[in-house]
Every structure is written in C-alpha cells, then in structure tokens.
Amino acid sequence: MTDEVRRLYRSREDRMVAGVCAGLAEYTNLDPTMVRLLFVAVAILGAAPGIVLAYLAMMIIVPEETMIEVSSGSE
C-alpha cells in the first residue's frame with residue numbers, strides 16, 4: 001500500500017497559457033487536449049465568466065511543478 005500524496009501543479013512542459021489544464025490532466029490521468037476542450041466547451045455553453053475566473057484563480061493559487069535537474073555522470 002502506498003500512501004503517496006498526489007499534488008496538483010501547473011505544468012511547465014505541456015502548457016498553452018499557464019499550464020493549468022495540463023496540470024489538471026496530469027492530476028486526473030486524462031489527456032490534456034480533452035481537458036482544454038472541456039474548458040472551452042463549458043465557456044461556450046454559457047459559463048464563460050465562471051470558467052475564466054476559475055482558470056485565473058488556479059493560475060494564481062496552484063503552484064508550478066518543480067524543476068528536477070538531472071546531473072550527468074561525467075562530472
């Protein structure tokens with residue numbers, strides 16, 4: 001049994017604007033394109049102010065994932 005805590009981060013690698021959708025996709029094990037399409041569909045179907053505010057809030061609140069430096073063995 002693993003008690004690993006999953007954390008939500010904004011993506012640094014797979015981002016279009018701020019990495020929010022890619023971070024959500026990684027957290028939920030979904031395709032980032034599907035999450036982006038879901039955000040756009042919700043905005044078009046009438047919840048544009050709410051989804052934009054949610055995206056902006058997540059942009060501010062959710063931290064970016066940390067950079068992991070890989071050192072080469074030739075030091």
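**Reading a helical model, one feature at a time**

Modeller: Let's begin with R36, which is found in helix α2. Helices here are DSSP runs of H or I with at least four residues, strands are E runs of at least two, and both are numbered from the N terminus. This is a predicted model, so local features need pLDDT of at least 70 and side-chain atom pairs count only at pLDDT 80 or more, while totals for chains, interfaces and linings use all residues. Residues are numbered from 1 along each chain as its sequence is written, and side-chain values use heavy atoms, with hydrogens and water left out.

Colleague: Fine. Is R36 buried or exposed?

Modeller: Start with the cut-offs: buried is under 20% relative accessible area, exposed is over 50%, and partly exposed is in between, using a 1.4 Å probe and protein chains only. R36 has 17% relative accessibility, so it counts as buried.

Colleague: And what does R36 touch beyond residues up to four places away in sequence?

Modeller: A contact means heavy atoms within 4.5 Å. With those neighbours set aside, R36 touches D14, R15, M16, C21 and A22.

Colleague: Zooming out, how many helices and strands are in the chain?

Modeller: Two helices and zero strands. Buried residues account for 25% of the 75 residues. For contacts between residues at least 6 apart in sequence, 46% join residues at least 24 apart.

Colleague: Which residues of α1 are buried?

Modeller: V20, C21, A22, G23, L24 and A25. The buried residues of α1 pack against α2.

Colleague: How should I read the core, and which residues make up the largest one?

Modeller: The general idea is that nonpolar side chains tend to be buried together in soluble globular proteins. A nonpolar core here is a set of buried Ala, Val, Leu, Ile, Met, Phe, Trp, Tyr and Cys residues joined through side-chain atoms within 4.5 Å. The largest has 11 residues: A18, V20, C21, L24, A25, V35, F39, I51, Y55, M58 and V62. Two or more come from each of α1 (20-28) and α2 (32-61), and α2 gives the most, with five. As for I51, it touches F39, V42 and A43, not counting residues up to four places away in sequence.

Colleague: How many aromatic pairs does the structure hold?

Modeller: Rings of Phe, Tyr and Trp (its six-membered ring) pair if their centres lie within 6.5 Å; planes under 30 degrees apart are stacked, over 60 edge-to-face, and the rest tilted. There is one such pair. The ring centres of F39 and Y55 are 5.9 Å apart and the planes sit at 85°, so the pair is edge-to-face.

Colleague: What else is Y55 in contact with, neighbours within four places in sequence aside?

Modeller: Y55, in helix α2, is in contact with V17, A18, G19, V20 and C21, among others. A polar atom of the Y55 side chain also lies 3.3 Å from the backbone nitrogen of A18.

Colleague: Last one: what is the phi of N29 near?

Modeller: Most residues other than glycine have a negative phi. N29 has a positive phi, near 60°. N29 lies in the loop between α1 and α2, and at 66% relative accessibility N29 counts as exposed.

Note on methods. A polar contact is a pair of N or O atoms within 3.5 Å; within protein, one must be able to donate a hydrogen and the other to accept it, and residues adjacent in sequence count only if both atoms are side-chain atoms.
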